[in-house]
Amino acid sequence: MIAIIGLVVGVVIGLVVKPDVPLGLEPYLPIAVVAALDAVFGALRAFLDGLFDDKVFVVSFISNVFIAALIVFLGDKLGVGAQLSTGVIVVLGIRIFANVAAIRRHIFHA
């Protein structure tokens, strides 16, 4: 319940304050959001399977965002940032859809 309240408060603050992302960090924001969504859907799947651990979720959330941003940063330095960004999005997208499919099977038994 606290997590849902925190999520709602965070969304409302983001909509009201409308924070600006520094130009240097703009390429990393979409990757960070997708990595965070991967961690959230993985946590929801683990919760439905009865395997959820809050410590694992926090470590997964932070490490996913950090590693995804690091891969894009290295890609930018090597001159292949767009290709690595696409690769990260594809890999995390596949994981998100796999987790959503497992959640759907768990909820609807289909």
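I take helix axes as lines fitted to C-alpha atoms over the stretch in contact, with angles running from 0 to 180 degrees between N-to-C directions. The model I am reading is predicted.

**Entry 1: overall layout**

I started with the secondary structure. I found four helices and zero strands. Along the sequence the pattern reads α-α-α-α. I then took the dimensions along the principal axes, and the C-alpha atoms fill a box of roughly 45 × 30 × 25 Å.

Next I looked up burial. The protein has 110 residues, and 21% of them count as buried. The exposed surface comes to about 7900 Å². Carbon and sulfur atoms supply 78% of that surface. I also checked how far apart in sequence the contacting residues lie. Among contacts with a separation of 6 or more, 73% join residues 24 or more positions apart.

**Entry 2: α2 against α3**

I turned to helix packing. Two packed helices are described by the angle between their axes and the distance between the axes. I took α2, residues 29-48, and α3, residues 54-78. At what angle do α2 and α3 pack? I read about 155 degrees, with the axes 8 Å apart. An angle over 145 degrees counts as roughly antiparallel, so α2 and α3 are roughly antiparallel to each other. I noted the crossing of this pair as right-handed.

I listed the residues that meet. From α2 they are I31, A32, A35, A36, D38, A39, V40 and A43. From α3 they are F57, S60, F61, N64, V65, A68, A69 and V72. By class, I have 13 nonpolar residues, two polar and one charged in this contact.

**Entry 3: α2 against α4**

The axes of α2 and α4 come within 9 Å and cross at roughly 25 degrees. The cut-off for roughly parallel is an angle under 35 degrees, so α2 is roughly parallel to α4. I noted this crossing as left-handed. The contact of α2 with α4 has 16 nonpolar residues, four polar and three charged.

**Entry 4: α3 against α4**

Are α3 and α4 roughly parallel or antiparallel to each other? The packing angle is about 155 degrees and the axes are 7 Å apart. I therefore log α3 and α4 as roughly antiparallel. Their crossing is right-handed.

Again I listed the residues. N64, A68, I71, V72, G75 and D76 come from α3. G81, L84, S85, V88, L92 and R95 come from α4. I sorted this contact into six nonpolar residues, four polar and two charged.

**Entry 5: S85**

I picked S85 from the α4 side of the contact with α3. Is S85 buried or exposed? Its relative accessible area is 17%. Buried means under 20%, so S85 is buried. What does S85 touch, not counting residues up to four places away in sequence? I found I31 and V72. I had already listed I31 on the α2 side and V72 on the α3 side of the α2 and α3 contact.

**Entry 6: G42**

I went back to α2 for G42. Its relative accessible area is 25%, so I log G42 as partly exposed. I then looked up its spacing to S60, which lies 18 residues away along the chain. The two C-alpha atoms are separated by 9.1 Å. S60 itself belongs to the α3 list for the contact with α2.

**Entry 7: the loop between α1 and α2**

Last I read the loop between α1, residues 2-17, and α2, where L25 lies. L25 counts as partly exposed, because its relative accessibility is 47%.

Most residues other than glycine have a negative phi. I also checked the accessibility of K18. Its relative accessible area is 62%, so K18 is exposed.

How values were computed. Residues numbered from 1 in each chain as written. Predicted model: local features only at pLDDT ≥ 70, side-chain atom pairs only at ≥ 80, totals over all residues. Heavy atoms only, no water. Helix = DSSP H or I, 4+ residues; strand = E, 2+ residues; numbered from the N terminus. Parallel < 35°, antiparallel > 145°, perpendicular 65-115°, else oblique. Left-handed = near helix turned anticlockwise from the far one by under 90°. Contact = heavy atoms within 4.5 Å. Nonpolar A, V, L, I, M, F, W, Y, C, P; charged D, E, K, R; others polar. Buried < 20%, exposed > 50% of the residue type's maximum accessible area, 1.4 Å probe, protein only. Areas by Shrake-Rupley, 256 points an atom, 1.4 Å probe, with all protein chains shown as cover.
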